[in-house]
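Open the model in your viewer and keep the sequence panel beside it. The stops below each name a selection and then say what is there.

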Amino acid sequence: MHQLTARHTLTAAVASALAFAAFTLAPAGPAHAATPCGQFFDDFDYTGVADPNLTGHGWTVRDGQGSPGPQGAYWDEDNISFPTVDGHQSLDLQLITNGVADDTTQAELSLTGNRFLAGTYVAHIKFADTPSQGTDGDHLNQTFFSISPLDHNGDPTYSELDFSEYLPNGGWGATSSVNTQTTWYTTSDDGSASDSLEARENRSMAGWHTVMATVANGHVTYFIDGTQVADHSGKYYPRRAMTLDFNEWLIDLTHHQGPYSSVWHEDIDYVYHAKNKSLTPTQATSAVTNFRTTNTSFTDTLSSSATCTP
């Protein structure tokens, strides 16, 4: 539904028998320190899309056309901003539509590099049930997800975790507010090879919510506000490193009401990831609180090592 490989190999030289014998007779040296897996935290303390720290921290603002969304709609960098929302500087994703594809603009911000796989993911998100201006009724999707490349239709290494896809007015067969968590095994450009597991909460998610998932020991476990809502495993467990993404986009144009534009907002207070570490909701909240009490608005200590120690 969205669209991205990092492979690590370890090699070791084989010592000669003579060198090995000499080594075994030598006194033991100090043990090598374990490589910590690290963590990522961003409080979205940016002045705008032109802030050099935004791209310097690895974020990419999408601009131009392309799926998902109605054919002919645009992804517009002007729909990304960092206002203060309810007392916290936040990432704001804006969507504008009047029911016409050429006049519809969407928003996406991605943390590129395919560095995310096992570990804990958390974001504090404000979802909206109604537009900030204009008429209600649009079928839109407010999201937080991770995704790998799709090398070809039906690619068995494809991995995607939709931590939250909120449809305030329904869509894809739903007729009212629904929030979903979807774990993907594979997909295709036309949907014919799509294979996924989905959980859903049939309720309004308007307002602030803590969206979290742990990816560990063959299970992807999803939480909303500290309560477990899904556990997906088996072949659906991710097999490939992914990017980290937020976007807001329109599922279809047919449910727009009236000739005037409606403006929608999704806000993200912060995002946090602990690599190869499965945290409880309380532990994840404590980690974020620690960053904030020490006035740390950004940190990225994620290891590139496949053998790092959490």
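Start by selecting Phe-44 and Trp-59, both of which are buried (under 20% relative accessible area with a 1.4 Å probe, protein chains only; exposed is over 50%, and partly exposed lies in between). This is a predicted model, in which local features need pLDDT of at least 70 and side-chain atom pairs count only at pLDDT 80 or more, while totals for chains, interfaces and linings use all residues. Residues are numbered from 1 along each chain as its sequence is written, and side-chain values use heavy atoms, with hydrogens and water left out.

**Stop 1: the Phe-44 and Trp-59 rings**

The ring centres of Phe-44 and Trp-59 are 5.6 Å apart and their planes meet at 45°, so the pair is tilted. Pairing here requires ring centres of Phe, Tyr or Trp (its six-membered ring) within 6.5 Å; planes under 30 degrees apart are stacked, over 60 edge-to-face, and the rest tilted. Phe-44 sits in the loop between strand 1 (39–42) and helix 2 (52–56) and Trp-59 in strand 2 (residues 59–61), so the pair ties together parts 15 residues apart in sequence. Helices (H or I, at least four residues) and strands (E, at least two) are DSSP runs, numbered from the N terminus.

Stay on Phe-44 and check its backbone: phi is positive, about 60°, although the residue is not a glycine. Its relative accessibility is 0%, so Phe-44 counts as buried.

**Stop 2**

Select Tyr-185 and Tyr-236 next. Their rings form an edge-to-face pair, 6.4 Å centre to centre with 80° between the planes. This pair links distant parts of the chain: Tyr-185 is in strand 12 (residues 178–186) and Tyr-236 in the loop between strand 16 (227–233) and strand 17 (242–250), 51 residues apart. Tyr-185 is partly exposed at 22% relative accessible area, whereas Tyr-236, at 13%, counts as buried.

Lys-235 lies over the face of Tyr-185, 4.7 Å from the ring centre; the criterion is NZ of Lys or CZ of Arg within 6 Å of the ring centre and within 35 degrees of the ring normal.

**Stop 2: the disulfide**

Select Cys-37 and Cys-308. They form a disulfide with sulfur atoms 2.1 Å apart, the cut-off being 2.5 Å between cysteine sulfur atoms. The structure holds one disulfide. The angle about the S-S bond is 95°, and the link of Cys-37 and Cys-308 is right-handed. Cys-37 is in the loop between helix 1 (17–25) and strand 1, and Cys-308 in the segment after strand 19 (298–300), 271 residues apart. Both Cys-37 and Cys-308 are buried.

**Stop 3: helix 3**

Select residues 281–293. The 13 residues of helix 3 should span 18 Å at 1.5 Å a residue, and the end C-alpha atoms are 18 Å apart, which agrees; the expected span is 1.5 Å times one less than the number of residues.

Which residues of helix 3 are buried? They are Ala-284, Ala-287, Val-288 and Phe-291. Seen down the axis, these buried residues fall within an arc of 90°, so they line one face of helix 3; the arc is taken over the directions from the helix axis to the C-beta atoms. An α-helix has 3.6 residues a turn, so residues three or four places apart point the same way.

Turn the view to the other side of helix 3, where Thr-282 and Thr-293 are exposed. The cover over the buried residues of helix 3 includes strand 1, strand 9 (119–127), strand 14 (207–216), strand 18 (262–275) and strand 19.

Then look at two asparagines. Asn-276 is in the loop between strand 18 and helix 3 and has a positive phi near 55°. Asn-276 is partly exposed, with a relative accessible area of 30%.

**Stop 5**

Select Ser-67 and Pro-68: the peptide bond between them is cis, with omega near 0°. Pro-68 is in the loop between strand 2 and strand 3 (74–75).

Finish on Leu-167, in strand 11 (residues 160–167). At 3% relative accessibility Leu-167 counts as buried. Beyond its neighbours within four places in sequence, Leu-167 is in contact (heavy atoms within 4.5 Å) with residues including Leu-140, Trp-172 and Ile-251.
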